Number of protein chains: 2
Amino acid sequence: MWQLYHFSLCPFSRKTRLALSEKGVAYELRREYPWDGSEEFYSRNPAGRTPVLHDPARDVTLIDSQAICEFFEETIDKTPLILGNAAQRAEIRRLVALFDQNFFADVTHPLMHEKMKKRLILRAAPDSGMLRNAMRLAHEHLEYIDWLVGNRRWLAGSQMSLADFAAAAQISVADYLGGIDWGGHDEAHGWYRVMKSRPSFRPLLTEKMEGLPPPRHYGDVNS
Amino acid sequence: MWQLYHFSLCPFSRKTRLALSEKGVAYELRREYPWDGSEEFYSRNPAGRTPVLHDPARDVTLIDSQAICEFFEETIDKTPLILGNAAQRAEIRRLVALFDQNFFADVTHPLMHEKMKKRLILRAAPDSGMLRNAMRLAHEHLEYIDWLVGNRRWLAGSQMSLADFAAAAQISVADYLGGIDWGGHDEAHGWYRVMKSRPSFRPLLTEKMEGLPPPRHYGDVNS
């Protein structure tokens, strides 16, 4: 069986878990911490980044969330996530990159640094200016999701795609860290509630990080 | 004909130009500056990032270098760049992400900030500590290329792939900015000379940025 080296609050691990579950790929979880990876993990990926997917039986190692998602898109027909014609597929990949790169740099990464790393590792207080900035940028991204959902139903078009899972993975980590305020974003909020209620999403919503409890609404699919 | 909105020293624009040329896709260049994009450019990509590829005849707009490369991989058979079986294609995509993300963050982006943006826009002196750190990290990446080329011939395996072009695009920008020292990296240097001598690479090597001349060896395919 595939072994997924992941970190619970890594948005790229989450994107990968969602895609694997949607496509019906079985895997077992190996928990790694970005600040304290196991030797085994580093031997699989010297770059030290989650997620890494390893199949001991065939000695195959897959690294990078997008490379992993493309691999299963090519090898498993169930639930296509990069779908449609070439231009539609390009639109899905554009949005995946937007959330993987821009949303992560603007929102998820600063929140992880200020509210997780400083609390658990650096034992320092978060920088309120950095947090305000991340939440301001989160609003801009949520506004764009409002627009996309209002005009297209799903983020990349009329069908659910990897773009929805990439975005929901980032948002779920930001929400765990108290960085998402849905006020004024009814369309985006409605879309996220639907994402949250998918069976693939449930395991993520019940995981807790020691010493860092999520806000009460985090795991509630109705709020 | 496709119109490519690009910036000469943007490594992602370069990766896209190399892939388009290798696949025989005709396009015309529209020059944009990251600090002063045209209205037309922002109307095509509000995120303001190069490269953007637009086809006025069909009103198709493609954004994000990887989404663009995947699009032409799916629609043009000539010169496959993401090739082999699914695991080999995953290895190509892993390395593309490594250079697009890690090499860029470690080396290309700091060099662009310190040696280009500070000189042309901010009118400030580069930070020598930042430059030293970028060049130190460049050595680590070149060491990895030495290893890959020594063990596989091309970066991702026995055949040239998008991984080679993604890496060469980053290195060419870093080299333009004086950040590449080939000392001790004979394998990587030999590989890069071969990349430089490809017809797809030539136009990049003759372009100069006003007020920012490249080092003498930059455009010489023999050095």
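Predicted model: local features only at pLDDT ≥ 70, side-chain atom pairs only at ≥ 80, totals over all residues.

Biologist: What is the distance in the salt bridge of A:R94 and A:E91?

Modeller: The side chains of A:R94 and A:E91 meet at 2.8 Å, N to O. Both residues belong to helix α4 (residues 86-122) of chain A, where they are three residues apart, about one turn of the helix.

Biologist: Let us turn to the two chains. How is the size of an interface given?

Modeller: It is often expressed as the accessible area lost when the parts come together. In this model, chain B and chain A bury about 1,700 Å² between them, with 59% of it on carbon and sulfur atoms. Of the area that chain B buries against chain A, 25% is supplied by B:E74, B:R93 and B:R94, more than by any other three residues.

Biologist: How many residues does the contact take from each chain?

Modeller: Chain B contributes 19 residues to the contact, and chain A contributes 19 residues.

Biologist: How many salt bridges are counted between chain B and chain A?

Modeller: The count is six salt bridges. One of the salt bridges in the model joins the side chains of A:R93 and B:E70, at 3.9 Å, N to O. For polar contact, the rule finds six residue pairs across the interface of chain B and chain A.

Biologist: Which elements of chain B supply at least two residues each to the side that touches chain A?

Modeller: They are β4 (60-63), α3 (65-75) and α4 (86-122) of chain B. The largest share, nine residues, comes from α4(B). By class, the side of chain B that touches chain A has nine nonpolar, three polar and seven charged residues.

Biologist: How are two packed helices described?

Modeller: One gives the angle between their axes and the distance between the axes. In chain B, the axes of α4(B) and helix α6 (residues 162-176) come within 9 Å and cross at roughly 5 degrees. The helices α4(B) and α6(B) are therefore roughly parallel to each other.

Biologist: Which residues of α4(B) and α6(B) meet?

Modeller: From α4(B) they include B:F99, B:F103 and B:L111, and from α6(B) they include B:L162, B:A166 and B:I171. The contact of α4(B) with α6(B) comprises 16 nonpolar, two polar and one charged residues.

Technical notes: Residues numbered from 1 in each chain as written. Chains lettered and ligands numbered in written order. Heavy atoms only, no water. Contact = heavy atoms within 4.5 Å. Buried area = accessible area lost by both parts, 1.4 Å probe. Salt bridge = Lys/Arg side-chain N within 4 Å of Asp/Glu carboxyl O. Polar contact = N/O pair within 3.5 Å; in protein donor to acceptor, adjacent residues only side chain to side chain. Helix = DSSP H or I, 4+ residues; strand = E, 2+ residues; numbered from the N terminus. Nonpolar A, V, L, I, M, F, W, Y, C, P; charged D, E, K, R; others polar. Axes fitted to C-alpha atoms, helices over the stretch in contact; angles between N-to-C directions. Parallel < 35°, antiparallel > 145°, perpendicular 65-115°, else oblique.
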